[in-house]
Amino acid sequence: MMDKERRNNLRRVINHCRKILEDDVEKRLAYFGIKADGKFLELSELEHLSAEYVEIRKRIELAIEKEQVGGLDKQQAVQRYIRHTSFTFLNRIAALRAMEVRGLIKETIIPRSEYGGRSLREREIAEANPSFSPYDVLKAALIQAFKEVSEEIKVLFDVNSEYSIVFPSEKACRDVIKLLTEDVTENDWKEDDIIGWIYQ
């Protein structure tokens with residue numbers, strides 16, 4: 001069981017991670033012409049979007065419309081979407097970390113000096129795909145792990161869910177991973193109640 005001091009530290013780290021991810025998802029939505037105040041730019045105003053990104057923008061729009069079903073206005077729906085996307089990603093990273101310290105999955109989150117400051121899964125992907133950028137490698141490693149685990153825990157790790165459309169930036173991913181691996185100890189991750197405390 002985690003004592004109060006460790007729980008308080010975990011709460012601080014998780015709140016910091018959520019803030020990083022929410023700010024990042026908000027910026028990424030703005031890139032797709034979706035503002036935090038609920039204003040949607042027309043596709044004709046978004047000449048920087050490739051055909052693939054136009055399709056992603058349409059999927060995000062549909063996801064935000066679903067948030068409005070409960071009577072939320074557009075601004076509230078966008079804010080709710082940002083929160084849910086961030087929370088989903090954070091929960092996934094935390095669950096992977098808890099699994100890897102138990103030896104249930106290949107190491108995906110924890111960076112090791114012997115792998116050039118990457119995780120084991122990242123190193124393997126980088127070696128198999130020399131043209132990948134560091135962000136491509138990180139993203140591929142996380143998505144690969146999400147897919148593997150989704151066979152066991154479909155709901156949390158469904159890579160096709162509406163909360164998986166927007167993938168956080170490399171900096172946000174790295175910052176969150178750094179906090180979860182450096183500010184939360186390996187012993188904390190081995191505690192059976194850690195995921196419960198994170199969900200709170």
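Me: Is Val 137 buried or exposed?
Reply: Val 137 is buried. Its relative accessible area is 4%. Keep in mind that this is a predicted model.

Me: Why does 4% count as buried?
Reply: The cut-off for buried is under 20% relative accessible area. Val 137 has 4%, so it counts as buried.

Me: Which helix is Val 137 in?
Reply: Val 137 sits in helix α5, which covers residues 134–150.

Me: What does Val 137 touch, leaving out residues up to four places away in sequence?
Reply: Val 137 touches Glu 122, Ile 125, Ala 126 and Phe 132.

Me: And how far is Val 137 from Arg 118?
Reply: In sequence, Val 137 and Arg 118 are 19 residues apart. In space, the distance is 9.5 Å from C-alpha to C-alpha.

Me: New topic: cores. How many residues are in the largest nonpolar core?
Reply: The largest nonpolar core has 37 residues. Leu 96, Leu 142, Leu 180 and Trp 189 touch the most other members.

Me: Which helices supply at least two residues each?
Reply: They are α1, α3 (74–101), α5, α6 (154–157), α7 (170–183) and α9 (194–199).

Me: Which helix gives the most to this core?
Reply: That is α3, with nine residues.

Me: What does Trp 189 touch, again skipping residues up to four places away?
Reply: Among its contacts are Ala 94, Ala 98, Val 101, Leu 180 and Ile 198. Trp 189 also touches Arg 97 and Arg 102.

Me: What about a second core?
Reply: A second, separate core has 20 residues. Leu 29, Leu 41, Ile 56 and Ala 63 are included in it.

Me: Why would nonpolar side chains gather like that?
Reply: In soluble globular proteins, nonpolar side chains tend to be buried together.

Me: OK, rings next. How many aromatic pairs are there?
Reply: The structure holds seven aromatic pairs. One of them joins Tyr 31 and Phe 32. That pair is edge-to-face, with 90° between the planes and 5.6 Å centre to centre.

Me: Which other ring pairs with Phe 32?
Reply: Tyr 53 does. The ring centres of Phe 32 and Tyr 53 are 5.4 Å apart. Their planes are at 40°, so the pair is tilted.

Me: What parts does that pair tie together?
Reply: Phe 32 lies in the loop between α1 (4–31) and α2 (51–67). Tyr 53 is in helix α2, so the pair ties together parts that are 21 residues apart in sequence.

Me: Which rings form a cluster?
Reply: Ring pairs link Phe 89, Phe 146, Phe 157 and Phe 167.

Me: What sits over the ring of Phe 146?
Reply: The charged end of Arg 92 does, 5.1 Å from the ring centre. Over at Phe 40, Lys 74 lies over the ring face, at 4.2 Å from the centre.

Me: Last one: Thr 181. Where is it?
Reply: Thr 181 is in helix α7. Its relative accessibility is 14%, so it counts as buried.

Me: Which backbone oxygen lies 2.7 Å from its side chain?
Reply: The backbone oxygen of Ile 177 lies 2.7 Å from a polar side-chain atom of Thr 181.

Definitions and conventions
Residues numbered from 1 in each chain as written. Predicted model: local features only at pLDDT ≥ 70, side-chain atom pairs only at ≥ 80, totals over all residues. Heavy atoms only, no water. Phe/Tyr/Trp six-rings, centres within 6.5 Å; stacked < 30°, edge-to-face > 60°. Helix = DSSP H or I, 4+ residues; strand = E, 2+ residues; numbered from the N terminus. Lys NZ or Arg CZ within 6 Å of the ring centre and 35° of its normal. Buried < 20%, exposed > 50% of the residue type's maximum accessible area, 1.4 Å probe, protein only. Contact = heavy atoms within 4.5 Å. Core = buried A, V, L, I, M, F, W, Y, C linked by side-chain atoms within 4.5 Å. Polar contact = N/O pair within 3.5 Å; in protein donor to acceptor, adjacent residues only side chain to side chain.
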